Amino acid sequence: MKKWNKPLLLYFTFHLFLLGCQSEQPAAKEEEVQVRTPVTVTSITIAPLAEYIELNATSAFLQKSIIKANTNGYIQAVNTRIGQYVKSGQSLFLVKTKESSSIGNSISLLDSTLHFSGLNNIPANTMGYITELNHQNGDYIQDGDQLAVISNQESFAFLLNLPYELKPYLSLNMKIDLLLPDGVKLQGSVSSVMPSMDAATQTQPILIRISSKAPIPENLVAKVHFIKSYRDRAMILPKAAILTDEAQSNTWVMRMIDTVTAVKVIVQKGITVNDRVEIISPKFLATDKILVSGNFGLPDTAKVIVIKDNP
């Protein structure tokens, strides 16, 4: 049997004694650091909300009166001009009949008391604007010739070509606003629905009357905000508060359940107008705080720190 070297044996024995005497020290636990995401929050707003479709409406005079000659003769005076507004009964033309041009002087020589002039006055038969003027001084005209055209002011309206699929929403738009290219806004009301369709575009003309008496040219295109959906009391959140997955099959918000914790709440959206979104369900309280920034990428339950409370 091999004998151990005595000094070496003493060395190992001493070290084993020291190890046995050492007291066990517990491993220091690493202090766990809690990460909180900085966020801003907002609350539900209750307000009317409407979804609009922008359409075009074109101004038009629906009735135009034709001024015609009622005798053969020569025009002695034209008392109007293109674009002039005339009233009903206002003198437009003076016509000297063909017969008076031939025998008028002879009659005056025979009897000066007759004061025979042979002039025939042709007045306006309605009020409106002169949009056509077909003759001038000295022209020879025959009975029935067209002398001028008056666009009847009372027939002025805007025609809105409404796509037929939007007709179910017409009841929401009996009162309607029209925005002119110069920024002027006019109040209008639907007067009637024309019983015809445009075969190519499948649109139906809608007649919109306005209360303004300001002169508006024909064929002016105005923009109309046509209401497609309307809610009198909608729960509204900013669009930034709404989150969705890549397939856009789920929509949710992050709601605070205490001062430091936000949880995921599935919501159903309604009308979206610009940066405002209607929430149909669930019903939130006015005191509920919804994350509006810092909410992207948070888990279903997240620890947060509120840095700003948006009204």
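Author: Contact, in what follows, means heavy atoms within 4.5 Å. The structure is a predicted model, in which local features need pLDDT of at least 70 and side-chain atom pairs count only at pLDDT 80 or more, while totals for chains, interfaces and linings use all residues. Residues are numbered from 1 along each chain as its sequence is written, and side-chain values use heavy atoms, with hydrogens and water left out.

Reader: Which residues is Leu160 in contact with, leaving aside its neighbours within four places in sequence?

Author: With those neighbours left aside, Leu160 is in contact with Leu55, Asn56, Ala57, Gln204, Pro205, Ile206, Ile208 and Phe226. Each of these residues is listed because it has heavy atoms within the cut-off for a contact.

Reader: What makes a segment a helix or a strand, and how many of each are there in the chain?

Author: Both are DSSP runs, numbered from the N terminus: a helix is H or I over at least four residues, and a strand is E over at least two. The chain has two helices and 22 strands.

Reader: Why is β11 called mostly covered?

Author: A residue is buried under 20% relative accessible area, exposed over 50% and partly exposed in between, with a 1.4 Å probe and protein chains only. Six of the eight residues in β11 are buried. For the chain, buried residues make up 33% of the 311 residues.

Reader: What makes a set of residues a nonpolar core, and which residues have the most contacts inside the largest one?

Author: The set must consist of buried Ala, Val, Leu, Ile, Met, Phe, Trp, Tyr and Cys residues joined through side-chain atoms within 4.5 Å. The largest such core has 21 residues, and those with the most contacts inside it are Phe158, Leu160, Leu162, Leu178, Leu186, Ile210 and Phe226. At least two residues come from each of β2 (45-61), β11 (156-163), β12 (175-179), β13 (185-193), β14 (203-210) and β15 (221-238). The largest share, four residues, is supplied by β11. In soluble globular proteins, nonpolar side chains tend to be buried together.

Reader: How do you know that β11 pairs with β14?

Author: Two strands pair if DSSP finds at least two bridges between them. Between β11 and β14 there are six, in the antiparallel sense, and Leu160 stands opposite Ile206 in β14. β2 also meets the criterion, because five bridges join it to β11. These two strands run antiparallel, with Thr58 opposite Leu159 in β11.

Reader: Why is the meeting of Glu54 and Lys223 called a salt bridge?

Author: The term requires a side-chain nitrogen of Lys or Arg within 4 Å of a carboxyl oxygen of Asp or Glu. The N to O distance for Glu54 and Lys223 is 3.6 Å, so the pair qualifies. Glu54 lies in strand β2 and Lys223 in strand β15, so the pair ties together parts 169 residues apart in sequence. Glu54, at 47% relative accessible area, is partly exposed, and Lys223, at 39%, is also partly exposed.

Reader: What makes Arg231 partly exposed, and is Glu278 buried or exposed?

Author: Arg231 has a relative accessible area of 33% and is therefore partly exposed. Glu278 has 6% and is therefore buried. Their side chains meet in a salt bridge at 3.2 Å, N to O, which links strand β15 to strand β20 (residues 276-281) across 47 residues. The structure holds four salt bridges.
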